[in-house]
Structures are given as C-alpha cells and as structure tokens.
Amino acid sequence: MDIVSKEKRSHNMSRIRSVDTSPEMTVRNFLFKKGLRYRIHYPIQGKPDIVFVKKRKAIFINGCFWHGHSCKNSKIPKTNTDFWKRKIKSNKLRDKKSIKCLKQKKWSVMTIWECQLEKNTMITLNKILSWIKNESNNPRKSFN
Ligand SMILES: [Zn+2]
C-alpha cells in the first residue's frame, strides 16, 4: 500500500511540474504564429507570463494547483496538507495583489487557467487573441 501511494505521489508531482510550464508554451506558440510579438519575463508586478508593452496588456497563465483554482486539478495533497494550504493561500494573495497593482497602473490583465486550456484549447486561445486585438479594452483609452 505504501508503494502504491508513493508511486501515485511521484506521478502527481511530475504532473504538477509539467503542467506548470506547458500551458504557457501553448499560448506563446499560438500567439507567435498569429504574428504577435510579446515580452516574457518583463519586469513588472507579478511577472506576468506574457506582456504586450505598447498595448499595456498582461497575461497570467496559471497552473491550477499552484494558484488555487477551484477545479479538480487543484486538490490539496493528503500529505503535508497544512503546508500546501498555506503555500497556495499565499500564492493566491500574491496574485490578487499583483493584479490590483497592475490595474492601478492602467494595465489590462487577463488570467488564463491551465484547465481552460486543456479542455477548450482553441476557444481559449482565440479568446486570448481577440482580447489582445481589441483596442477598446485598453484602459488608457477608456480613461479619455
Ligand atoms: Zn483549473
């Protein structure tokens, strides 16, 4: 029984690691193919995954587990439960703070969850694309 749970645990952990980066690549590759050029690792609050500097738009692509999404991907492990709860709670607080801060600085922010991308890949990608192309949601303009 111990062996089974150990295997299961390592499977879960490897899954967590892999999904942590691949949804981001899916989005980046898609947008690049559509001819959009963006910045990654752009040094603003919360380090969004994809940033359009001129348009002042930032996208966060969140792993459901690490960012505490309310879906089945984000189940807290049965071991070290308190540790994970605290960890994820603080991640969520940090996310909230970052988004608030970016919006105050007139950035538009979009959050994409890995489960959205997994389940409805094309719908989600096209949603991101039209959000980027839509100039009317540029908060600078709406302030005129
Ligand atoms: Zn999710």
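**Entry 1: a loop residue**

I began with Asn-80, which sits in the loop between strand 2 and helix 2. I took helices (H or I, at least four residues) and strands (E, at least two) as DSSP runs, numbered from the N terminus. The model is predicted: local features need pLDDT of at least 70, side-chain atom pairs count only at pLDDT 80 or more, and totals for chains, interfaces and linings use all residues. Residues are numbered from 1 along each chain as its sequence is written.

Asn-80 is not a glycine, yet I found a positive phi of about 55°. Asn-80 counts as exposed because 11 other C-beta atoms lie within 10 Å. My cut-offs, with C-beta atoms placed from the backbone, were: buried for 20 or more other C-beta atoms within 10 Å, exposed for 12 or fewer, and partly exposed in between.

I next looked up Lys-106, in the loop between helix 2 and strand 3. Its phi is positive, near 70°, and Lys-106 is likewise a residue other than glycine. With 12 other C-beta atoms within 10 Å, Lys-106 is exposed.

**Entry 2: the chain as a whole**

I noted 5 helices and 3 strands in the protein chain, in the order α-β-β-α-β-α-α-α along the sequence. Of its 144 residues, 20% count as buried.

**Entry 3: strands 2 and 3**

I traced strand 2 (residues 57-62) against strand 3 (residues 108-113); the two run parallel and are joined by 6 bridges. Strands pair if DSSP finds at least two bridges between them. Ile-59 stands opposite Met-110 of strand 3. Together with helix 2 (residues 81-104), these strands form a right-handed β-α-β unit: with the strands pointing away from the viewer, the path from the first strand over the helix to the second runs clockwise.

**Entry 4: Ile-99**

I located Ile-99 in helix 2. It is partly exposed, because it has 19 C-beta neighbours inside 10 Å. Beyond four places in sequence, Ile-99 touches Gly-46 and Val-109, where contact requires C-beta atoms, placed from the backbone, within 7 Å.

**Entry 5: the nonpolar core**

I then examined the largest nonpolar core, in which, among 17 residues, Val-27, Ile-50, Ala-58, Ile-59, Ile-61, Ile-112 and Ile-128 touch the most other members. Strand 2 gives the largest share of this core, 4 residues. Such a core is a set of buried Ala, Val, Leu, Ile, Met, Phe, Trp, Tyr and Cys residues joined through C-beta atoms within 7 Å. Leaving aside neighbours within four places in sequence, Ile-50 is in contact with Val-27, Arg-28, Tyr-38, Ile-40 and Ile-59.

Methods: Two residues are in contact if their C-beta atoms, placed from the backbone, lie within 7 Å.
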